[in-house]
Amino acid sequence: MAKKKPRFVENIDNILATTQTKENEELLFTFRGVLYPKRLCSLETFEAVAAMEARKDDRLIVAYPKCGTNWMLKIVNDMIAVIPSYKDLPPLENCPILEFGPPTKLQMLVLFRNPKDAAVSYYHFYNKNPILPDVGSWDDFFPKFMNGEVCWKSYFDYILAWDKHVDEENVMIITYEELKENLHEGVKRIAEFYELPLSDEMIKSVAENSTFQAMSSKSEETHGRFAPVLFRKGAVGDWKTLFTEAQSREMDAKFEECLAGTKLGAKLKYDQYCKF
Ligand SMILES: Nc1ncnc2c1ncn2[C@@H]1O[C@H](COP(=O)(O)OS(=O)(=O)O)[C@@H](OP(=O)(O)O)[C@H]1O
């Protein structure tokens, strides 16, 4: 008998298979000045989120699109799954995203990725994703990303908003690049922040199962039709394949303008990851 698909896979498969239009107006809507994909988000859900009262022990993972959200979800889900005393907890939904789905559904783990790789990942995502409009060439997309004319608005506004919270004790900042450099150490930091009782062996196993290779080899099972849209290269520095020197300088100037001298700017190690 064929294995039953997880609910998330069933939902996303259905959404991808039934979206036929490529028209902006039919695919996107605006809520408080920010664009969102209609097939995933709704006004009712945003209203429900605004009215939601967080419990003291709620945990949120926060990220701008294409910064590694699905990677972090896998790490945190696996951490909980390997702890024997947590085995009776109901499984977390595969895609517990606050603004997705029906309106029925706080330490914060905030994930960042360098803006150049995030932009390139977003560009490919827009063009490969049936529920988003085509954005044409990279040269067409680049100014849209720089001006925040994309779903979930401006990367730079997101980063500026979080810069105010880096020192709060219920907020942990982690970067995609940090995870790529040392996944074992990243998983260990996350476990400590969430106070999850993971042994070294458990941390090792969570890290081994959440490498790009491990996740993409199982992606058809875990993400259905969404898998080839989501799992692309999983690399640091892919921006060099598309950015021109002029675009690179433009983004350097914008980053400098927004984050020069800030703690968050330093954590992102922009010079290391974003210079030719
Ligand atoms: N395990 C692992 N290791 C490294 N990189 C990974 C991993 N899993 C997903 N990815 C890459 O993350 C990018 C997608 O980010 P998100 O999951 O945030 O996308 S989304 O906004 O939820 O659609 C997208 O990046 P690009 O490959 O650069 O496009 C994915 O390939």
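In helix α7 (residues 155–163), the residues Tyr-155, Phe-156, Tyr-158 and Ile-159 are buried, where a residue counts as buried if 20 or more other C-beta atoms lie within 10 Å of its own, as exposed if 12 or fewer do, and as partly exposed in between, with C-beta atoms placed from the backbone. Seen down the axis of α7, these buried residues fall within an arc of 160°, so they line one face of the helix; the arc is that of the directions from the helix axis to the C-beta atoms. Helices (H or I, at least four residues) and strands (E, at least two) are DSSP runs, numbered from the N terminus.

The structure is a predicted model, in which local features need pLDDT of at least 70 and side-chain atom pairs count only at pLDDT 80 or more, while totals for chains, interfaces and linings use all residues. Residues are numbered from 1 along each chain as its sequence is written.

**Overall form**

The secondary structure of the protein comes to 16 helices and five strands. Its radius of gyration is 19 Å, close to the 19 Å that the globule rule gives for 276 residues, so the protein is as compact as a globular protein of that length; the radius is taken over C-alpha atoms, and the rule is 2.2 Å times the number of residues to the power 0.38. The C-alpha trace spans about 55 × 45 × 40 Å along its principal axes, and 26% of the 276 residues count as buried.

**The nonpolar core**

A nonpolar core is here a set of buried Ala, Val, Leu, Ile, Met, Phe, Trp, Tyr and Cys residues joined through C-beta atoms within 7 Å. The largest such core has 54 residues, of which Met-72, Ile-75, Leu-111, Phe-112 and Val-187 touch the most other members. The largest share of this core, six residues, comes from helix α5 (residues 115–128). Not counting residues up to four places away in sequence, Val-187 touches Ile-75, Ile-203, Val-206 and Ala-207, a contact being two C-beta atoms, placed from the backbone, that lie within 7 Å.

Tyr-176 lies in helix α8 (residues 176–181) and counts as buried because it has 25 C-beta neighbours inside 10 Å. Leaving aside neighbours within four places in sequence, Tyr-176 is in contact with Cys-67, Gly-68, Leu-111, Phe-112 and Arg-113.

**The shell around the ligand**

The ligand is surrounded by 22 residues, and the closest are Thr-69, Asn-70, Ser-121, Arg-232 and Gly-234; a residue is near a molecule or strand if its C-beta atom, placed from the backbone, lies within 6 Å of it. The elements that give two or more residues to this shell are α4 (69–82), α5 and α11 (212–217). Helix α5 supplies the largest share of the shell, four residues. By class, the shell has nine nonpolar, eight polar and five charged residues, where Ala, Val, Leu, Ile, Met, Phe, Trp, Tyr, Cys and Pro count as nonpolar, Asp, Glu, Lys and Arg as charged, and the others, Gly among them, as polar.

**Positive phi values**

Most residues other than glycine have a negative phi. Arg-32, in the loop between β1 (28–31) and β2 (34–37), has a positive phi near 45°, and with 7 C-beta neighbours inside 10 Å this residue counts as exposed. Lys-66, in the loop between β3 (59–63) and α4, likewise has a positive phi, near 70°, but Lys-66 counts as buried, with 24 C-beta neighbours inside 10 Å.

The table sets C-alpha separations beside the number of residues between the partners along the chain.

| Pair | Apart along the chain | C-alpha separation |
|---|---|---|
| Gln-247 and Leu-111 | 136 residues | 24 Å |
| Glu-169 and Gly-186 | 17 residues | 18 Å |
| Tyr-176 and Phe-142 | 34 residues | 21 Å |
| Lys-263 and Asp-163 | 100 residues | 7.3 Å |

Gln-247, found in helix α14 (residues 245–259), is partly exposed, with 19 other C-beta atoms within 10 Å. Glu-169 lies in the loop between α7 and β5 (171–175) and counts as exposed, with 6 C-beta neighbours inside 10 Å. Lys-263, in helix α15 (residues 263–267), also counts as exposed, with 12 C-beta neighbours inside 10 Å.
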